[in-house]
Amino acid sequence: MESADAARRTVPGAQAIARASRLLRLVTAAGHGAALQSLARDAGLSRSTAHRLLSALRAEGLVDQDRASALWMPGPELYLMGTVAAARYDVTGLARDIVRSLAVKTEESAFLSVRRADETVCILREEGSFPIRSFVLSEGVRFPLGVASAGLAILSFLPDHDVDAYLERHPELSEHWGRTHAPGPLRTRLAETKAQGYAVNPGLIVQGSWGMGAAVFDRQGRPEWALSLTGVEFRFGPDRLPQLGRTLLAHAHQLSGRIAGTRR
């Protein structure tokens, strides 16, 4: 199967499309708007190239720019496209009451994330009743696979050759996210996750903010989503962690069953 990099080299215009797509993802992930300088830096582009591509996307209605702040934001055409695509890809309608139940039963913030290529994107959040909360994750936030608990759960249940290929594509993980995300430690955490069925992130993104994740599978048994919990460290002690894991897995299994029973 031809790799994405090979396709960009051989298909005319593919590089420009890839750059524009990267900017679109960064704009949508920013939530309340992103500055040109940060978009160019994160996309690995010069300011002039980033501005040229953003201007072209704005002409098509895919992004917009706030006149007062000059920040770039998602455009109206993205909303229209999203409503059409949701009929095929969106599972939030199936998941909403399950995510809410998870938040109620654990009292922690509960989330549904979806796999998109080498990342996870949070698409649903429900607050728990416990008054101290973690705000590492919210709708639209992206993390590389293997970083947040949702992505760790998904990556752990991918075939070994897919995991190997992912780690080869992303040697920068340890540089950006710390030594615990180097191939050796990450593989250890993947094995632990697969053995116990759920992932634990012991404050590796933000100190003191813990997360747990469980993979949700499609009709073919592929891990395409994950349910997760986040909260403060003392809420995830050894006396409570197994109970939270069982609750998380039960809800993930319930959602996988619902997805398997739908026609898509």
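Strands here are DSSP runs of at least two residues, numbered from the N terminus, and the model they are read from is a predicted one.

Q: What makes Ser-113 part of strand 3?
A: Strand 3 covers residues 109–116, and Ser-113 lies in that run.

Q: Which residues is Ser-113 in contact with, leaving aside neighbours within four places in sequence?
A: Among them are Thr-120, Cys-122, Leu-137, Ala-150 and Trp-225.

Q: Why are helix 6 and helix 11 called roughly antiparallel?
A: Angles over 145 degrees count as roughly antiparallel. The axes of helix 6 (residues 92–106) and helix 11 (residues 241–260) cross at roughly 170° and come within 10 Å, so the pair gets that name. On the helix 6 side the contact includes Leu-94, Ile-98 and Leu-102, and on the helix 11 side it includes Leu-244, Leu-248 and Leu-255.

Q: What kinds of residues make up the contact of helix 6 with helix 11?
A: They split into eight nonpolar, five polar and three charged.

Q: How do you know that the span of helix 11 agrees with its 20 residues?
A: You take 1.5 Å times one less than the number of residues. For helix 11 that should give 28 Å, and the end C-alpha atoms are 28 Å apart, so the two agree.

Q: What do the buried residues of helix 11 pack against?
A: Helix 6 and strand 3 are among the partners, along with helix 10, strand 6, strand 7 and strand 8. The buried residues of helix 11 include Gly-245, His-251, Ser-256 and Ile-259.

Methods:
Residues are numbered from 1 along each chain as its sequence is written. This is a predicted model: local features need pLDDT of at least 70, side-chain atom pairs count only at pLDDT 80 or more; totals for chains, interfaces and linings use all residues. Side-chain values use heavy atoms; hydrogens and water are left out. Helices (H or I, at least four residues) and strands (E, at least two) are DSSP runs, numbered from the N terminus. Contact means heavy atoms within 4.5 Å. Axes are lines fitted to C-alpha atoms, for helices over the stretch in contact, and angles run from 0 to 180 degrees between N-to-C directions. Angles under 35 degrees count as roughly parallel, over 145 as roughly antiparallel, 65 to 115 as roughly perpendicular and the rest as oblique. Ala, Val, Leu, Ile, Met, Phe, Trp, Tyr, Cys and Pro count as nonpolar, Asp, Glu, Lys and Arg as charged, and the others, Gly among them, as polar. Buried means under 20% relative accessible area, exposed over 50%, partly exposed in between (1.4 Å probe, protein chains only).
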